[in-house]
Amino acid sequence: MDLNELTGRFLLLFFSILVLYFFSNRKDNETINPLMVIVGLCTFSLCYLFTKIEIGAGIGFGLFAIFSILRFRTQSFTVNAIIFLFATITLSILDIMYPFEKIELLLFFQIIIIGFYIAASIIVNKKASKYLNAVDVKIPLTGDFSLDHKNIRKTIQEKINIKDFEFKIVLVNTVSNEIDLLVFY
């Protein structure tokens with residue numbers, strides 16, 4: 001693989017990841033950290049290295065184990081972030097490992113993956129865009145309070161006087177006896 005081919009593959013990956021990143025961050029209530037783009041670029045670099053040196057499959061399993069351990073030591077990711085990571089890793093492996101003689105198939109797979117990602121992103125965002133505003137709400141957790149959906153909804157309506165909304169429980173704090181909610185309206 002010469003420098004021109006490597007540069008072309010890298011640029012294809014880079015612009016593909018930028019398109020994915022743009023369509024991943026269209027939701028107002030969650031965004032993907034821009035540093036996650038580096039995961040795809042690092043995977044690209046590692047796969048290139050593995051094609052140039054003689055390494056057994058054990059190294060790949062070792063890297064998988066390291067990433068699994070790190071996964072349990074970090075904050076949990078949203079579904080959107082996990083899908084973005086999986087798509088960038090898949091595209092980076094495809095870009096570096098697919099034979100250059102079959103560049104048409106590589107471009108076909110790239111377009112299909114990006115197309116499905118964009119279509120799914122648009123469908124999800126249309127469903128999520130019903131509520132464009134969000135506010136943090138804390139409600140007291142009293143002894144007779146239950147986490148019933150209707151009960152929480154009634155308490156939110158009394159507190160902020162909004163009829164049409166959705167909510168997500170962020171934290172049930174038993175120390176301060178509060179429930180932290182994210183209300184979308």
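This is a predicted model: local features need pLDDT of at least 70, side-chain atom pairs count only at pLDDT 80 or more; totals for chains, interfaces and linings use all residues.

Me: What makes α2 roughly parallel to α4?

Reply: The axes of α2 and α4 come within 8 Å and cross at roughly 30°. Angles under 35 degrees count as roughly parallel, and therefore α2 is called roughly parallel to α4. The crossing of α2 and α4 is right-handed.

Me: Why is α1 called roughly antiparallel to α4?

Reply: Helix α1, residues 3–24, packs against helix α4, residues 79–97, at an angle of about 165°, and their axes are 10 Å apart. Since an angle over 145 degrees counts as roughly antiparallel, the value for this pair makes α1 roughly antiparallel to α4. The crossing in which α1 passes α4 is right-handed.

Me: Which residues make the contact between α1 and α4, and how do they divide by class?

Reply: On the α1 side the contact is made by Leu 6, Arg 9, Leu 12, Leu 13, Ser 16, Ile 17, Leu 20, Tyr 21 and Ser 24, and on the α4 side by Asn 80, Phe 84, Ala 87, Thr 88, Leu 91, Ser 92, Leu 94, Asp 95, Ile 96 and Met 97. By class, the contact of α1 with α4 has twelve nonpolar, five polar and two charged residues.

Me: How do you know that α1 is roughly antiparallel to α2?

Reply: The packing angle of α1 and helix α2, residues 37–52, is about 155°, with the axes 10 Å apart. With the cut-off for roughly antiparallel set at over 145 degrees, that angle makes α1 roughly antiparallel to α2. Here too the handedness can be stated, for α1 passes α2 in a right-handed crossing. The contact is made by Leu 6, Arg 9, Phe 10, Leu 13, Phe 14, Ile 17 and Tyr 21 of α1 together with Val 37, Gly 40, Leu 41, Phe 44 and Tyr 48 of α2, and the residues of this contact divide into ten nonpolar, one polar and one charged.

Me: Why is the pair of Tyr 21 and Phe 84 called edge-to-face?

Reply: A search of the whole structure finds seven aromatic pairs. The rings of Tyr 21 and Phe 84 have their centres 6.1 Å apart and their planes at 65°. Rings pair if their centres lie within 6.5 Å, and planes over 60 degrees apart count as edge-to-face, so this pair is edge-to-face. The pair links distant parts of the chain, with Tyr 21 in helix α1 and Phe 84 in helix α4, 63 residues apart, and both Tyr 21 and Phe 84 are buried. Elsewhere, ring pairs link Phe 10, Phe 14, Phe 15 and Phe 44 into a cluster.

Me: What makes Glu 5 and Asn 80 count as buried?

Reply: Buried means under 20% relative accessible area. Glu 5, which lies in helix α1, has a relative accessible area of 16% and is therefore buried. Asn 80, found in helix α4, has a relative accessible area of 17%, so Asn 80 is buried as well. The C-alpha atoms of Glu 5 and Phe 100, which are 95 residues apart along the chain, are separated by 8.1 Å, while Asn 80 and Thr 31 are 49 residues apart in sequence and 8.5 Å apart in space, C-alpha to C-alpha.

Me: Why does Asn 177 count as partly exposed?

Reply: The relative accessibility of Asn 177 is 40%. Partly exposed covers the range between the 20% limit for buried and the 50% limit for exposed, and so Asn 177 counts as partly exposed. Asn 177 lies in the loop between β2 (166–173) and β3 (178–184), and has a positive phi of about 55° although it is not a glycine.

Me: What pattern does the chain follow when read along the sequence?

Reply: The chain follows the pattern α-α-α-α-α-β-α-β-β, and its secondary structure comes to six helices and three strands. Buried residues make up 30% of the 185 residues in the chain.

Note on methods:
Residues are numbered from 1 along each chain as its sequence is written. Side-chain values use heavy atoms; hydrogens and water are left out. Axes are lines fitted to C-alpha atoms, for helices over the stretch in contact, and angles run from 0 to 180 degrees between N-to-C directions. Helices (H or I, at least four residues) and strands (E, at least two) are DSSP runs, numbered from the N terminus. Angles under 35 degrees count as roughly parallel, over 145 as roughly antiparallel, 65 to 115 as roughly perpendicular and the rest as oblique. A crossing is left-handed if the near helix is turned anticlockwise from the far one by less than a right angle, and right-handed if clockwise. Contact means heavy atoms within 4.5 Å. Ala, Val, Leu, Ile, Met, Phe, Trp, Tyr, Cys and Pro count as nonpolar, Asp, Glu, Lys and Arg as charged, and the others, Gly among them, as polar. Rings of Phe, Tyr and Trp (its six-membered ring) pair if their centres lie within 6.5 Å; planes under 30 degrees apart count as stacked, over 60 as edge-to-face and the rest as tilted. Buried means under 20% relative accessible area, exposed over 50%, partly exposed in between (1.4 Å probe, protein chains only).
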